[in-house]
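Please look at the sequence and the model shown here, and keep both at hand while reading the report that follows.

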Amino acid sequence: MDWQALLLSVKLSSVTVLILIPFAIFVSRFLAYRQFRGKSWVEALIMVPLVLPPTVIGYYLLVGLGSQSWLGQTLESLFGHQLVFNFSGLVIASILVNIPFAIQPIQRSFEAVPEDVCDAAACCGMSRLKVLFKIELPMVWPGVLTALVLCFSHVLGEFGVVLMMGGNIAGETKTIAISIYDSVQAFDFASAGQMSLVLLIFAVTVLAFTTSLSRRMGAGHASRRR
C-alpha cells in the first residue's frame, strides 16, 4: 500500500470538497430559482466535464495555466510558484472536473423545495440568507450530502486530469490512482490489487451509507409534511 499517495488523495479530495460544495450551493440555488436568457447554455457548460475526457480538460489546463501563458505567468507571480506540477494546480483541476457532480444533485434538491414554503418565510420577514440557512438547507441536505460524497469519491479516483496537470511527483502530485498505474507498469499486481480493493471497498461503503441516509432523511421530511 502506497500510504503517501493515499493520504495525498484524501487531502486533495478534502480540499476540493471544502472549496467546491459552498460554491455549488449558491450556484445551484441561483440556477434552480432564476430564469434567464442563455440558462440552457450555462447548464450545458457546467455539464461538459461529464462527457469531455479528463485528459482533454487536463491538456487545456496545462496549456492555460502553464508558464508559457499570460494567465499562468500572472498566477505564478501571485502565488510565488507555478500551478502546473503542483498540488495547488491539482486542486484547481479537481474543482473544474467535479463541478457537475456538485451542482447537479444540489440544484435538483432546490428545485424540489415547495415555493409556498419560501414565500411564507419571506412573508414572515426572514431575509434571503436566513431563509437559505434556516429553511432551504435543511430541506436540500440530502442533495448536498450526495454532492459531497460524489465529489470526494470522484477526486479520490481521478487519474487523467491529475496526470496531465500534476505529473507523477511523489508527495506532491502522485495520487493513489497514479500509484496503481505505476504498480501495474512495474508488474507489481499485488500492490495494484491491494490499492484497488481499498478504493472499491471505500466506494461501495460510502455510496451505500449515503443512499441509506438520504432515504431516511427523505422519509423524515415526508412525515413532517404530513
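## A salt bridge to begin with

Which side chain meets that of Asp182 in a salt bridge? The partner of Asp182 is Lys174, and the N to O distance between the two side chains is 3.6 Å. The term salt bridge is used here for a side-chain nitrogen of Lys or Arg within 4 Å of a carboxyl oxygen of Asp or Glu. Asp182 is partly exposed, with a relative accessible area of 24%, whereas Lys174 is buried, with a relative accessible area of 19%; buried means under 20% relative accessible area, exposed means over 50%, and partly exposed lies in between, as found with a 1.4 Å probe on protein chains only.

## How the model is described

This is a predicted model, in which local features need pLDDT of at least 70 and side-chain atom pairs count only at pLDDT 80 or more, while totals for chains, interfaces and linings use all residues. Residues are numbered from 1 along each chain as its sequence is written, and side-chain values use heavy atoms, with hydrogens and water left out.

The pLDDT, which is the predictor's confidence in each residue on a scale from 0 to 100, averages 85 over the chain, and 94% of the residues score at least 70. Among the elements of the chain, the highest mean pLDDT, 92, belongs to H1, and the lowest, 74, to helix H6 (residues 115–123). Helices (H or I, at least four residues) and strands (E, at least two) are DSSP runs, numbered from the N terminus.

## A salt bridge within helix H5

By the rule given above, the count of salt bridges comes to four, and one of them joins Arg108 to Glu111, whose closest N and O atoms are 3.3 Å apart. These two residues are three residues apart in helix H5 (residues 87–111), and are therefore separated by about one helical turn. Arg108 is partly exposed, with a relative accessible area of 43%, and Glu111 is partly exposed as well, at 39%.

## Two buried residues in helices

Asn98 is found in helix H5 and is buried, with a relative accessible area of 0%. Its side chain makes a polar contact of 2.7 Å with the side chain of Glu158; a polar contact is a pair of N or O atoms within 3.5 Å, where within protein one must be able to donate a hydrogen and the other to accept it, and residues adjacent in sequence count only if both atoms are side-chain atoms. Leaving aside neighbours within four places in sequence, Asn98 is in contact (heavy atoms within 4.5 Å) with Leu20, Cys151, His154, Val155 and Glu158.

Ser9, found in helix H1, is buried with a relative accessible area of 0%. Not counting residues up to four places away in sequence, Ser9 touches Leu156, Thr175 and Ile176. The C-alpha atoms of Ser9 and Gly157 are separated by 8.1 Å, although these residues are 148 residues apart along the chain.
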